[in-house]
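Subject: Structure handover

Hi,

Here is the structure for you to open. My notes on it follow below.

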Amino acid sequence: MIEDDVPADPVALRRPAYLADLAGGVDRFFEPRRTSCPWCASEALSARVRTTDLLQHKPGRFVLDECRDCGHVFQNPRLNPAGLELYYRDCYDGLGEQNMTGMFESNRAGYRSRAELARDNGAAGEWLDVGMGHGHFCQEAAAVLPGVAFDGLDLGDAVELARREGRIRTGYQGSFVDLAEDLARRYDVVSMYHYLEHTTDPRRELAAAGTVLRPGGLLAIELPDPECRWAGVLGRWWMPWLQPQHLNLMPIGNLRAELAAHGFTVVAEQRGEPHAAIDVLAAALMVVNALTIAGEDLPWRATPPARWRRILRKATFVACVPVFVLASLVDRITAPLGRRRGWSNAYRVVARRDAG
């Protein structure tokens, strides 16, 4: 009698590698702490957020410092390349791919709004989406801009997935800064939607965009707004802090000045339209998840949780459904407030590359 093949447990398969990586603790995954702002070099720093990994719940503690002179918010100490690999692993691919795909697919209205702003400012020709994820923006934007050819660039394997699914024409896998010279003056539009905050040196990314764009081309950017008042209300539970992935969060004034320094002229800004009315619901979900995380089987823990812990976790989420409904209602009621200056959790900028 031949036994049926039993699918391997993906969590169990990953456990030995994670435990080996974490055997010596997490200190080796961080660079030395900075004493000055990476944006303006001021030493007037204060801790804005102290938190843990509230998304994957991998071990470690993280601090976001804020510069009191220019307002730049940055992870300090910052993860080194090995740390970034550890904390990104199984987030957008692997164990986390299904959840992330669902989240990306649910943002169709946001994708269309981004594309419409670029269209209204003359977007045409060939477009490169940097930090494209699974390519869902390109797929949705093609309906808004039917004459535009969309290519994508990212570090992960999702580039090939997006190409196979027909969401992009051409995919590039690697670092944008490293590939920029090979793509020099090839594109009419470059987009960086929720990308710059993940990078170690946003200034180099903006310079790379200037290299890749043809004269007169457009650079479209969307970023979490660190000046959002929801960040103060919700503290470390404000989802756009997204530690430990977000390394740099720039106030719009800083970005505007830096674009000018790199030969761009800002032609459009949106401070309210990009607001996603999910702040309170996301905070509620993260709190309940954190309180019950002992019941989830995670490969960076030595053993799976006891059955009773798994049951308790599921039961708690079910019991908290009314809380989630109420949180969502608060988001809906306050959405008009969120679209006013100072309350939006994101902003957009479109800039034109100077002909010179």
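Which residue in β7 is the bridge partner of Trp127? It is Val189.

Before the rest, some ground rules. This is a predicted model, in which local features need pLDDT of at least 70 and side-chain atom pairs count only at pLDDT 80 or more, while totals for chains, interfaces and linings use all residues. Residues are numbered from 1 along each chain as its sequence is written, and side-chain values use heavy atoms, with hydrogens and water left out.

**The seven-stranded sheet**

Trp127 and Val189 are bridge partners, and their strands belong to an open sheet of seven strands with mixed pairing. The order is β6-β5-β4-β7-β8-β11-β10. β6 (171-173) and β10 (264-270) are at the edges; each has a single partner strand, so one side of each has no neighbour in the sheet. On average, neighbouring strands here are turned by 20° against each other, direction ignored. Helices and strands are DSSP runs numbered from the N terminus (helices: H or I, at least four residues; strands: E, at least two). Two strands pair if DSSP finds at least two bridges between them. Strand β4 (residues 126-130) and β7 pair in the parallel sense, over three bridges.

Two helices lie across this sheet's strands. Helix α4 (residues 108-120) lies across β4, β7, β8 (213-224), β10 and β11 (346-353). It runs at about 30° to β11. α8 lies across β4, β7, β8, β10 and β11. α8 runs at about 150° to β8. Angles run from 0 to 180 degrees between N-to-C directions, and axes are lines fitted to C-alpha atoms, for helices over the stretch in contact. Contact means heavy atoms within 4.5 Å.

**The four-stranded sheet**

There is also an open sheet of four strands, in the order β1-β2-β3-β9, with antiparallel pairing. Its edge strands are β1 (45-52) and β9 (248-249), each pairing on one side only. Three bridges join β2 (residues 61-67) to β3 (residues 73-75). Asp65 has Phe74 in β3 as its bridge partner.

**Backbone points to check**

Most residues other than glycine have a negative phi, and most peptide bonds are trans. Here are some exceptions.

- Asn76 to Pro77 is a cis peptide bond, omega near 5°. Pro77 sits in the loop between β3 and α2 (81-88).
- Gln243 to Pro244 is cis too, with omega about 10°. Pro244 is in the loop between α9 (229-234) and β9.
- Ala41 has a positive phi, near 75°. Its loop runs between α1 (10-22) and β1. Ala41 is exposed, at 53% relative accessible area.
- His194 has a positive phi, near 50°. Its loop runs between β7 (187-193) and α8 (202-212). His194 is partly exposed, at 27%.

For these labels, buried means under 20% relative accessible area, exposed over 50%, and partly exposed in between (1.4 Å probe, protein chains only).

Is Asn289 buried or exposed? Asn289 counts as buried, because its relative accessibility is 12%. It lies in helix α11 (residues 279-291). Leaving out residues up to four places away in sequence, Asn289 touches Leu54, Leu55, His57, Glu296, Arg313 and Phe317.

Over to you.
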